[in-house]
Amino acid sequence: MTAQIECADLVRIFSAEGVEVQALQGLTLRVDRGELTAVVGASGSGKSTLLSILSGLDVPTAGSANVAGHDLLAMDTRERTAYRRHSVGFVWQQTSRNLLPYLTAGENLAMALAVARSPRRQRSARVGELLDLLEVGAVRDRRPAQMSGGQQQRVAIAVALANAPEVLFADEPTGELDEASSQLVFDALRDVNERLGVTVLIVTHDQRVSHQVRRTVQIRDGRLSTEVLRTTRLDAQGVEQHHAEEYAVLDRVGRLQLPEEYLKALSLKDLVRLELEPDHVKVHPTADEEAPS
Ligand SMILES: Nc1ncnc2c1ncn2[C@@H]1O[C@H](COP(=O)(O)OP(=O)(O)OP(=O)(O)O)[C@@H](O)[C@H]1O
C-alpha cells in the first residue's frame with residue numbers, strides 16, 4: 001500500500017507570552033491511499049494543530065509530514081497554494097466556511113469548479129454529477145439558509161470534491177448536526193471514499209465516529225495513544241457482524257500510552273513494574289514501600 005499521509009515525529013511548540021505549549025509531542029501517523037480514517041481526541045489534544053499542518057496552513061517545529069507526494073515542510077508559498085487548490089479538499093464544521101451564503105448549491109459548486117480550472121463546457125454537467133453523488137440534486141437551486149444542516153454538509157462535501165482531490169480533510173463535519181443528519185454525512189463520506197477512492201481523514205472530538213469508520217486513531221497529549229480497528233465478518237447465517245478492537249500505539253522508541261481507565265482502575269502512576277512473559281508484558285502498580293525514595 002502507498003502512504004497518502006505520512007507524518008513522523010511531528011512536534012509543534014507554540015510560544016505565547018513566554019509560555020511554551022507543546023501541542024504535538026512526536027506524533028507519527030500513516031494513512032494509506034484510499035483509507036477512511038478518523039482522528040479523535042479531547043479538546044486541547046492537538047487535533048486542530050495536526051489538521052493545520054496537514055492542510056498546509058501551519059508548519060511543524062520538528063518532524064516530517066508528507067501528503068499526496070508533497071513534502072509539507074519543503075513547499076514555498078506558490079507550491080502551498082497549488083497543494084491546497086489541487087491536491088486536497090476541505091470540509092469544515094461551519095457552513096459559512098464551506099459555502100458562500102448568497103450563492104445556491106449549484107453556483108457554489110460551479111465556482112469551486114472554476115477555481116479548480118475544470119473545463120467551462122463540462123461544468124454544468126459536473127455540478128449535476130457531484131450533487132447527485134451526494135444525493136442533494138434536489139437543492140441545486142437553494143441557498144445554504146434554505147437547506148437542512150445535513151444537506152449543507154453534503155453540498156460542502158461536493159464542493160470539496162470539485163478539484164478531484166487525492167485527500168479529503170473533514171474537520172468536525174458533524175459538529176453542528178443532530179444524530180440522524182450526522183449519520184447521513186458519515187454515510188456520504190464513506191460513499192465518496194468507496195466510490196471515488198479518495199483518502200478521507202475526519203478529525204473530531206466525537207468518539208462515536210469509531211462506529212462509522214474502519215480505523216480510528218486517538219490523540220492524547222499531542223501523540224497517538226490508541227487505535228480502534230473495525231472489521232466486518234459474516235456469521236454462520238451470513239449476517240454481517242461488526243467487530244471493533246482497540247490497540248495501544250507503540251512508537252519507535254517503545255513508548256506507549258496506557259488508556260486512562262486502566263491508570264485509574266489500578267492507580268497506576270509515576271513508576272510501574274514491568275514483567276516480560278513469553279507472549280505478553282505485565283504492568284504492575286508499585287506499592288509505596290516498593291518505590292525507591
Ligand atoms: N496558536 C496557538 N498559540 C498557543 N497555543 C496554542 C495555539 N494553538 C493551539 N495551542 C495549544 O495547543 C494545544 C493543542 O491545541 P489544538 O487546538 O490542536 O487541540 P484540539 O484537540 O484541536 O482542541 P479542540 O477540540 O478544542 O479544538 C492546546 O493546549 C492549545 O491551547
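Reply: Let's start with a term. A crossing of two helices counts as left-handed if the near helix is turned anticlockwise from the far one by less than a right angle, and as right-handed if the turn is clockwise. Keep in mind that the model is predicted.

With that in hand, look at α6 and α7, whose crossing is right-handed. On the α6 side the contact is made by Gly149, Gly150, Gln153, Arg154 and Ile157, while α7 brings Ser181, Leu184, Val185, Ala188, Leu189 and Val192. Sorted by class, that gives six nonpolar, four polar and one charged residues; Gly is counted as polar here. Helix α7 covers residues 179-196, and its axis runs 8 Å from that of α6, at an angle of about 15°. Angles under 35 degrees count as roughly parallel, so α6 and α7 are roughly parallel to each other.

Now stay with α6, residues 149-160, and find its other partner, α4, at residues 105-115. The axes of α4 and α6 lie 9 Å apart, and the angle is about 20°. Because of that angle, α4 is roughly parallel to α6 too. The crossing of α4 and α6 is right-handed. Val155, Ala158 and Val159 of α6 touch Ala105, Asn108, Leu109 and Ala112 of α4. This contact holds six nonpolar residues and one polar, with no charged ones.

Ala105, Gly106, Leu109, Ala110 and Leu113 of α4 meet Arg123, Arg126, Val127, Leu130 and Leu131 of α5. Seven of these residues are nonpolar, one is polar and two are charged. Notice that Ala105 and Leu109 turn up in the contact with α6 as well as in the one with α5.

Now zoom out. UniProt, in an unreviewed entry, places the feature "domain: ABC transporter" at residues 5-246. Over that stretch the chain is 31% helix and 33% strand, and the end C-alpha atoms sit 22 Å apart.

Last stop: the ligand. It has 13 residues around it, and the closest are Phe14, Ala23, Ser43, Ser48 and Thr49. Strands β1 (3-16) and β2 (19-32), together with helix α1 (47-54), each supply at least two residues of that shell. α1 gives the most, with three. By class, the shell has eight polar, four nonpolar and one charged residues.

Methods
Residues numbered from 1 in each chain as written. Predicted model: local features only at pLDDT ≥ 70, side-chain atom pairs only at ≥ 80, totals over all residues. Near = placed C-beta within 6 Å. Helix = DSSP H or I, 4+ residues; strand = E, 2+ residues; numbered from the N terminus. Axes fitted to C-alpha atoms, helices over the stretch in contact; angles between N-to-C directions. Parallel < 35°, antiparallel > 145°, perpendicular 65-115°, else oblique. Contact = placed C-beta atoms within 7 Å. UniProt positions renumbered as here; feature names shortened; annotations may be inferred.
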